[in-house]
Amino acid sequence: MGGKESDVVLLDEKGIRCDGRTVNQTRKVTIKAGVLKNADGSAYIEFGDNKIIAGVFGPRDVHPKHLANTDTGIIRCRYHMSPFSVTERKHPAPSRREIEIGKVLKEALKPALILDKFPRTVVDVFLEVLQADGGSRCAALAAASVALADAGIPMRDMVSACAAGKVADTIILDVNNEEDQAGQADMPVGYMPNLEKVTLFQLDGVLTPDEYKKCLETAIIGCKQVYEIQKKAIKDKFFGDGENQ
Amino acid sequence: MTSTSIIDQLKRNKIVELLEQGKRIDGRAFDEPRTISIETGVIPKANGSARVRLGDTEVVVGVKIQPDKPFPDMGDKGIFICTAEILPLAHPSVETGPPNEDVIELARVVDRGIRESGMIDLSKLVLEKDKSVIGVFTDNSIIDHDGNLFDACSYASTAAILSCKIPKWEIKDGVPVLVEGEESDPPITTIPASVTMARIGEHIIVDPNADEWACMDARITITTNSDGNICALQKGGSQGFSVEQLVKCSEIAVTIGVKIREIIKNSTKGS
């Protein structure tokens, strides 16, 4: 955590946060499935001020070929931030942070996917952050799961995601950018709600063992809320608006 | 790291079979790290250094300290940067070239553990606010690879930083000038200790070796500080954890962290 000095009041005496939310409230989340024509599956998410698009291709041939696995399909994941997505222009080349996030998101999605029916193939997940606020990896993960479901990839469960954190010595749900910069801890969590497994889990910042438990439980409550929105996005695409009725 | 999948499956079966009987392939208890040996001051040309063996995993780390420009939004703080490289001589499977995502993750997890614990009080490393600060550059070279590079690099980096001496600079005409013969101890506030655990089936084991690493379902690295609080963590691997398992892992990390911290402290005494 930056732990930077800041004029922003992160939590006032009534328990209201800098963007007007209560401690247990997520930002507004909207997800739309099937937003791209060429991708096999896609989704667009707005998670607070995060705007992220997810595109899925595959199962398809693996290039380079030596990455192919004869026993199972594989998943690759690229997380990328557009140069205009943050206040200071971000260099377009993938940073070490983006490569690490791509890796942890890949490992967060993999437990949900059933790829052994597609040996020698790859499922490519591309995540483009058009605008970043705090918690972009969770938002990207939630969008990626919907895009994978939209692509018809066999899945054991949806992976939903939400962060929890600590500001002003209080555990809060869904950390925004100001809270990430000036707060005390940020814990992004990815969770399979039906299998009850945590598949993405990181922490920056100091928590006591009790706070750690509370923070994890809080994040999972957020994940379950995001899950409902993910389900709705899929239902809207396949059963909504008079289509297929 | 893996040879062929057939051998891995046989190894995995054996490792799982032993775990069911409460045993590990190398005879350790589930919560027992391999023998840790730490030697500091091994590279006199570095400002701080350490050579760490964690079982057969071996790391050499050097800390270089030099003046630098601060990050634009952090003019009142010194710089801390931690990198890692798996040298090609460490394992037959290592290829030269730009770092892959595993190595980037390794360096960032080690960096995060030290940074988020607040081990180094970076506000004490400012020469001139917004213009000139002291940088602590911690570079890990892995020279032998037998699994769990996270903890090996973390212990090595921590020991090297504890043992380093910070040269003195003075600002003259806007540039930092080295003051010969004067140096000070680093501004240390706490000692981070990382504990990496693997989940194989429903079993949680501390400090997986290369064989255990190759067949684990998921892993987690938890770093605690001297107060026994959790300051950084990273989950990895291709499966998930239940909440109960994560709580158990945090308890193990706190308990084992106390022992690790003692080993790191003792190794740097008198340096």
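Residues are numbered from 1 along each chain as its sequence is written, and chains are lettered from A and ligands numbered from 1 in the order in which they are written. Because the model is predicted, local features need pLDDT of at least 70 and side-chain atom pairs count only at pLDDT 80 or more, while totals for chains, interfaces and linings use all residues. The predictor assigns the complex an ipTM of 0.83 and a pTM of 0.89.

Helices (H or I, at least four residues) and strands (E, at least two) are DSSP runs, numbered from the N terminus. Two strands are taken to pair if DSSP finds at least two bridges between them. Chain A contains an open sheet of five strands in the order 1-2-3-5-4, with mixed pairing. Its edges are strand 1 (29-33) and strand 4 (74-81) of chain A, each of which pairs on one side only. From one strand to the next, the twist averages 15 degrees; here and below, axes are lines fitted to C-alpha atoms, for helices over the stretch in contact, and angles run from 0 to 180 degrees between N-to-C directions. Within this sheet, strand 3 (residues 50-61) and strand 5 (residues 121-131) of chain A are antiparallel and share nine bridges. A:Gly55 has A:Phe126 in strand 5 of chain A as its bridge partner.

An open sheet of eight strands is built from both chains, in the order 7(A)-6(A)-8(A)-9(A)-12(B)-11(B)-9(B)-10(B), with antiparallel pairing. Strand 7 (170-173) of chain A and strand 10 (203-206) of chain B are the edge strands, each pairing on one side only. The twist in this sheet averages 20 degrees from one strand to the next. Helix 2 of chain A packs on this sheet as well, touching strand 6 (160-167), strand 8 (185-192) and strand 9 of chain A; its direction makes about 165 degrees with that of strand 6 of chain A. Helix 3 (residues 149-163) of chain B packs on the sheet against strand 9 and strand 11 (218-224) of chain B, at about 175 degrees to the direction of strand 9 of chain B. Across the chain boundary, strand 9 (residues 197-207) of chain A and strand 12 of chain B pair in the antiparallel sense over four bridges. Opposite A:Leu207 stands B:Ile230 in strand 12 of chain B.

At the interface, 27 residues of chain B are in contact with 28 residues of chain A. On the side of chain B that touches chain A, helix 2 (101-117), strand 12 (230-236) and helix 5 (243-267) of chain B each supply at least two residues. Strand 12 of chain B gives the most, with seven residues. This side of chain B divides into 11 nonpolar, 10 polar and six charged residues, where Ala, Val, Leu, Ile, Met, Phe, Trp, Tyr, Cys and Pro count as nonpolar, Asp, Glu, Lys and Arg as charged, and the others, Gly among them, as polar.

Helix 4 of chain A and helix 5 of chain B have axes that come within 11 Å and cross at roughly 160 degrees. The two helices are therefore roughly antiparallel (angles under 35 degrees count as roughly parallel, over 145 as roughly antiparallel, 65 to 115 as roughly perpendicular and the rest as oblique). The contact involves A:Pro209, A:Tyr212, A:Lys213, A:Leu216 and A:Ile220 of helix 4 of chain A and B:Val243, B:Leu246, B:Val247, B:Ser250 and B:Val254 of helix 5 of chain B. These residues divide into eight nonpolar, one polar and one charged.

Helix 1 (residues 96-109) of chain A packs against helix 2 of chain B at an angle of about 105 degrees, with the axes 9 Å apart, so the two are roughly perpendicular. By class, this contact has two nonpolar, one polar and six charged residues.

Conventions. Contact = placed C-beta atoms within 7 Å.
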